[in-house]
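Q: I am new to this structure and would like a close look at one part of it. Please take the charged side chains and explain carefully where they pair.

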Amino acid sequence: MTVDVNKTDGPDATPPAGPEAIKAIPVRHPGRYVSAAVALALLGSVVYAFAQGNINWDAIPDYFFDDRILHGVWNTLLLTVLSMVIGILGGVLLAVMRLSKNPVTSSIAWFYIWFFRGTPVLVQLFVWFNLGLVFEYINLGPIYKDYWSSFMTPLLTALLGLGLNEAAYMAEICRAGLLSVDEGQSEASHALGMSHTKTLRRIVIPQAMRVIVPPTGNEVINMLKTTSLVSAVQFADLFKEAQDIGQNAGSTVEMYFLAAAWYLIMTSILSVGQYYVERYYARGSSRSLPPTPLQRIKAAVLPTRRPKGVSA
Amino acid sequence: MTQPSHPMVKAEGVHKSFGPVEVLKGIDLQVNSGEVFCLIGPSGSGKSTFLRCINHLEKINAGRLYVDGELVGYRQKGDKLYELKDSEVAVKRRDIGMVFQRFNLFPHMTAIENVMEAPVQVKGQNKGQARERARELLERVGLGDKAGNYPSQLSGGQQQRVAIARALAMDPKLMLFDEPTSALDPELVGDVLDVMRDLAESGMTMVVVTHEMGFAREVGDSLVFMDDGVVVEAGNPRDVLTNPQHERTQAFLSKVL
């Protein structure tokens, strides 16, 4: 149990009895100041150019919290979450099928991934949207019967299009994760009498998560942006709402900037979430977890108290 | 030492090949219940493979292998053999504990969670009971104070002792040890051997693949020297180790002793 003193107390913290601290002139880095100045200058000129442009900037704050925009934000988030749920569940299932000893299931998984990864998601969305041309009715016997076109709401179209496509990508990510777990782990689990399913669920998947989570975070952020495609199948997401307002109010470009700002806010929040999820699945793999930014701030404010959960 | 007892493991002409490579070329041996049975031999001689056949981690190609009177991996009806389903194999493995050279603890679980895992998941014990028992077992291997540590926070010797406790949690009737001390620093070997010695004294049937000749001599009841997929010499450890009859045994022992 070592107490981390050097981080908070600075150079004066050397114990008095110890050897004299080295006093040397540090290496200078003049290049850093120069490059920072150049970068700031470039940024300034880009901002100036946009400010000069023929854009009605005042329209953005006017509409930023407009009900329609907030509704679009909500729909975008909803669609992102639901599509990712379909994608992740489907991906795990496909990865397990792909790695299965059963040749039928592994071929089915291979075919699925081949098809959905090999065609553009926008085309898939349109196919789902127009599937009424193939199936006129949806008929589940006595339970449910309706025209395909009224069954396929924009939300369902968007969900199927994005979710099933995502499953193909998630399958490859999950497969890489499952393969990364040492074979000795499933051997040990089998030797204890645990079944294949239990071994997978309790031993292999939790360890595969460390490899799966970082690229999945990437996929979530990607998905959030890809949802903007569903405006093409009449789903009222953020992008579609912004477009509609823009066309009615005559401020098309301004509303694109507004949408971009909202997307940036949402992806930033997701990045923070990803940090904590990754931290959770790293437990056991390193001797002690690094403190979270929040714990670091606490440690700096209250230097005498050691942050909770950080022990050697 | 050997009390009159039934055979726990019985091998009759066991063959095992990996592709074109024949690793076991007809193994015949018998491990009596309550016995500590040591397997020694140069690496590549098939000791570990044979051990892994006993709990069906490897499938044998020919011969018969029995654990506690029952065929491993198959069911015999008349003169036909039926392969067991995975779930049936899993049921049989519950009674056979295994300790690996590389420990293979579950890194995402603490020591006590590692020990509790199988009783809770396989036997359906309730968590409180399993935790109680796991604590006893960790106490028994001298790690009562490390229950909350993750494997990465334990030394190799401590990890191996947790692995032994994990295997014991299923109350096995047979324990298999696959070079349990080979991956350890020399100073940590002793602690693990002490635990194994205690276990032997409690009457557990143990099959031990090992390079620790001292342990084989002091604790072992029987010893088999294997080379190139066959049993070269078998007998009482003290006799075989001090007075080997076969040339190859002599050559091997002169190098390791």
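A: B:Asp95 is partly exposed, with a relative accessible area of 30%, where buried means under 20% relative accessible area, exposed over 50% and partly exposed in between, using a 1.4 Å probe and protein chains only. This is a predicted model, in which local features need pLDDT of at least 70 and side-chain atom pairs count only at pLDDT 80 or more, while totals for chains, interfaces and linings use all residues. Residues are numbered from 1 along each chain as its sequence is written, chains are lettered from A and ligands numbered from 1 in the order in which they are written, and side-chain values use heavy atoms, leaving out hydrogens and water.

The partner of B:Asp95 is B:Lys173, and their side chains meet in a salt bridge at 3.7 Å, N to O; the term requires a side-chain nitrogen of Lys or Arg within 4 Å of a carboxyl oxygen of Asp or Glu. This pair links distant parts of the chain, 78 residues apart, with B:Lys173 in the loop between H5 and strand S9 (174–178) of chain B, and B:Asp95 in the loop between H2 and S8 of chain B. Helices (H or I, at least four residues) and strands (E, at least two) are DSSP runs, numbered from the N terminus. B:Lys173 is also partly exposed, at 30%.

B:Glu83 counts as exposed at 53% relative accessibility, and B:Lys59 is partly exposed at 41%.

B:Arg197 is partly exposed, with a relative accessible area of 25%, and B:Asp194 is partly exposed at 39%. In chain A, salt bridges that share partners join A:Arg98, A:Arg117, A:Glu172 and A:Arg175 into one network.

Charged pairs also cross between the chains: the rule finds 2 salt bridges across the interface of chain B and chain A. One of them is formed by the side chains of A:Arg202 and B:Glu117, at 2.7 Å, N to O. Over all chains, the count comes to 21 salt bridges.
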